[in-house]
Amino acid sequence: MEEHRGMTIITMPTDSTISLSNLYRLLAWLSPSFPVGAYTYSHGLEWVIEEGQIDSPESLYLWLKDILLHGAGRSDAILLAHTMYACEKGDEAEFDALKALGLALQPSKERLLESEAQGSAFMRTVSAAWQPADETPAARLFKIRTQESMTGQWPYPVAVGLTAAAAAIPADAVLAGYLHAFAANIISAAVRAVPLGQTDGQHILAQLEPICSTLASEAPSVPLDEIGSACFLADIASMKHETQYTRLFRS
């Protein structure tokens, strides 16, 4: 950790070597089959599709690119990285502050539901099936916080960060996996709602690979003071979705 212009910057190890057992866990936790209900959320995309603003692979790619670089993708990655660092130190106060920040960052009722419902479902499932075996500071914090409150609100990136830190999975691998799952879920919603072909969806996901990789490598060095979003249309879309007449998705 170092100071830069009065702000704390996290310096994390650059070795992304991950054991096969931890790779197995990460793939399981971020799989579309993991029971967090990710398929029921569109991140406001459903309203934009209804308005005719996204009707092609090209428009979807540009929409997702902005969300990743300037919206929730970037914010979630920074929050997740700082959560992992706080957990690795066993810093309960910092962790609780990050958990509260993760909820406060949500710009609308439905985006709060999207993050909190997935995060809480993630923690319920992980605590029931994937308890960490080691006694590291992060593993102890995981056990303390899951025993204290399994009914509280859990922002999704904070839930993933706590669990991954407890399993000692490298941060860059976790961030890459999280961002891939984030983008893939929105693409899946678009494939169903635009509609787009499955191959179109995979082509967009492939185009987003360098963006997700860059975010995963840069997020740990971004000071928490610089977290934030500038994707105002995406925020407005999530608000408009609350009163949309016909809906397939919860957000």
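I started with overall size, taking the radius of gyration over C-alpha atoms and, for a globule, 2.2 Å times the number of residues to the power 0.38. For 251 residues that rule gives a compact globule a radius near 18 Å, and the chain has 17 Å, which agrees. Before going on, I noted that this is a predicted model, in which local features need pLDDT of at least 70 and side-chain atom pairs count only at pLDDT 80 or more, while totals for chains, interfaces and linings use all residues. I also noted that residues are numbered from 1 along each chain as its sequence is written, and that side-chain values use heavy atoms, with hydrogens and water left out.

**Entry: the whole chain.** I found that the C-alpha trace spans about 50 × 40 × 35 Å along its principal axes. I took helices (H or I, at least four residues) and strands (E, at least two) as DSSP runs, numbered from the N terminus. The chain has twelve helices and two strands, and from the N terminus the order is β-β-α-α-α-α-α-α-α-α-α-α-α-α.

I called a residue buried under 20% relative accessible area, exposed over 50% and partly exposed in between (1.4 Å probe, protein chains only). By that cut-off, 52% of the 251 residues are buried. I counted a contact when heavy atoms are within 4.5 Å. Of the contacts with a separation of 6 or more, 80% are between residues 24 or more positions apart.

Entry: As a reminder to myself, most residues other than glycine have a negative phi, and most peptide bonds are trans. Where is the cis bond here? I found it joining Val194 and Pro195, with omega about -5°. Pro195 sits in the loop between helix 9 (171-193) and helix 10 (198-207).

I then looked at phi. His43 is not a glycine, yet its phi is positive, near 60°. His43 belongs to the loop between helix 1 (20-29) and helix 2 (45-50). Is His43 buried or exposed? With a relative accessible area of 4%, His43 is buried. Ala168 also has a positive phi, about 60°, without being a glycine, and I located Ala168 in the loop between helix 8 (156-166) and helix 9.

**Entry: helix 11.** Which residues of helix 11 (residues 209-218) are buried? They are Ile211, Cys212, Leu215 and Ala216. I took the arc from the directions between the helix axis and the C-beta atoms. These residues cover an arc of only 130° around the axis, so they are on the same side of helix 11. On the other side, Glu209 and Ser217 are exposed. The buried residues pack against helix 3 (57-70), helix 4 (72-89) and helix 9.

**Entry: two single residues.** I picked Gln118 in helix 6 (residues 109-129). Gln118 counts as buried because its relative accessibility is 7%. Setting aside neighbours within four places in sequence, I found Gln118 in contact with Val36, Ala38, Tyr41, Leu113 and Tyr156.

My other pick was Ile49 in helix 2, which counts as buried at 14% relative accessibility. Apart from neighbours within four places in sequence, the contacts of Ile49 are Ile54, Ala190, Ala193 and Val194. Val194 is also a partner in the cis bond with Pro195.
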